[in-house]
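Have a look at the chain below and turn it around a few times.

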Amino acid sequence: MRLRQLLRSPLVVLNDLLLLFVTFTPGPTGNKLRSLYYKCTLRSLGSNVTIDVGVQILGPQLISIGNNVHIDKYTLISTGSSLTGNIHFSDNKNFSHPPGAIVIGDNIHVCPFCTLAGFGGLEIQDNTVLSAYTKVYSLSNIPNDHDLKSRRVSLMPYISAPFIAGPVVIKKNSWIGLNCIIMPSVTIGEDAFCVSNSVILKSIPDNWYVSGQPAIFKRHRFTSDFIK
């Protein structure tokens, strides 16, 4: 039955096969193919952009990528405008884009094996690095019902599970260390640095150097008189 359904949708099958070929073709040839493919499918794509082998992009119509950007190997970027579940929405006044939008600025390196979940909205501003295995979640499950903590809930099925959604903003010239996790509604301030393996649950002011699980202030990243 499923095979018959697939055969009735040849355009879907052809598109899936094309995407498979484009995603996993290595080297300069693959980079060129991906550039051409995503120029047609993303909301916008700047110049001098490398989308490397194994990168998966879901919801491309909501994703904008600027100039001089490298999306490195096997990164997952996903978003969408239709959400299911018992979702609590948390605002982020620093985010000014449509719901579910992912906006990646200029001069950015998203290193290998990162996960960018933009269902709640995500902006990465200019001159920023997300080190390998960074995970950014603008939509995430929570362990309790937001309004009634004593109510017994389950993560499955997802259609009734509790979630929190809130835009994430990573401001200019930030550096996110290896294997960091950034949760919904967080703003990473300009010039901030997050030490490897940090879990960022709350927003970080400009020029802060943070580490820990959860991440806390250690010192200013540059000079101590940077913040007035």
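Here is a quick tour, topic by topic.

Keep in mind that this is a predicted model.

**The open sheet**

- Six strands come together in an open sheet, and their order is β3-β6-β10-β13-β18-β21. The pairing in this sheet is parallel.
- At the edges you'll find β3 (56–58) and β21 (199–200), each of which pairs on one side only.
- Start from β3: three bridges join it to β6 (residues 76–78), and the two strands run parallel.
- Zoom in on that pair and you'll see Leu 58 standing opposite Ser 78 of β6.
- Is Ser 78 buried or exposed? Ser 78 is buried, because its relative accessible area is 8%, and the cut-off for buried is under 20%.
- Which residues does Ser 78 touch, leaving aside neighbours within four places in sequence? Its contacts are Leu 58, Ile 102, Leu 116, Ala 117, Gly 118 and Phe 119.

**The hairpin**

- Strands β22 (residues 208–212) and β23 (residues 215–220) pair in the antiparallel sense, over five bridges.
- Together, β22 and β23 make a hairpin, with two residues between them.
- Pro 214 sits in the loop between β22 and β23, and a cis peptide bond joins Gln 213 to Pro 214, with omega about 10°.

**A nonpolar patch on the surface**

- Leu 11, Leu 14, Leu 17, Leu 20, Phe 24, Tyr 74, Phe 113 and Tyr 133 form a nonpolar patch on the surface. Together they have about 850 Å² of accessible area.
- One of these residues, Leu 11, lies in helix α2 (residues 10–24).
- Leu 11 counts as exposed because its relative accessible area is 69%, where exposed means over 50%.

**Cysteines without a disulfide**

- A disulfide is a covalent bond between the sulfur atoms of two cysteines. How many disulfides are there here? The count comes to zero.

- Most residues other than glycine have a negative phi, and most peptide bonds are trans.
- The peptide bond from Met 156 to Pro 157 is cis, with omega near 0°. You'll find Pro 157 in the loop between β14 (139–141) and β15 (162–165).
- Asn 68 isn't a glycine, yet its phi is positive, at about 60°. Asn 68 is in the loop between β4 (63–65) and β5 (69–71), and it is partly exposed, at 37% relative accessible area.
- Asn 173 also has a positive phi of about 60° without being a glycine. Look for Asn 173 in the loop between β16 (168–170) and β17 (175–176); at 31% relative accessibility, it is partly exposed.

**Salt bridges**

- How many salt bridges does a search of the whole structure find? It finds three.
- Lys 73 forms one with Asp 52, and their closest N and O atoms are 3.4 Å apart. This pair links distant parts of the chain, 21 residues apart: Lys 73 is in the loop between β5 and β6, while Asp 52 is in the loop between β2 (49–51) and β3.
- Lys 73 also forms a salt bridge with Asp 72, where the closest N and O atoms are 3.9 Å apart.
- Lys 73 is partly exposed at 36% relative accessibility, whereas Asp 52 is buried at 8% and Asp 72 is buried at 7%.
- Elsewhere, the side chains of Asp 145 and Arg 151 meet in a salt bridge, 3.0 Å from N to O. Asp 145 is buried at 8% relative accessibility, but Arg 151 is partly exposed at 42%.
- Shared partners join Asp 52, Asp 72 and Lys 73 into one salt-bridge network.

Technical notes. Residues are numbered from 1 along each chain as its sequence is written. This is a predicted model: local features need pLDDT of at least 70, side-chain atom pairs count only at pLDDT 80 or more; totals for chains, interfaces and linings use all residues. Side-chain values use heavy atoms; hydrogens and water are left out. Two strands pair if DSSP finds at least two bridges between them. Helices (H or I, at least four residues) and strands (E, at least two) are DSSP runs, numbered from the N terminus. Patches are made of residues with over 30% relative accessible area and no salt bridge: like charges are joined within 9 Å, nonpolar side chains (Val, Leu, Ile, Met, Phe, Trp, Tyr) within 5 Å. Accessible areas come from the Shrake-Rupley method with a 1.4 Å probe; for residues, only the protein chains shown count as cover. A salt bridge is a side-chain nitrogen of Lys or Arg within 4 Å of a carboxyl oxygen of Asp or Glu. Buried means under 20% relative accessible area, exposed over 50%, partly exposed in between (1.4 Å probe, protein chains only). Contact means heavy atoms within 4.5 Å. A disulfide is a pair of cysteine sulfur atoms within 2.5 Å.
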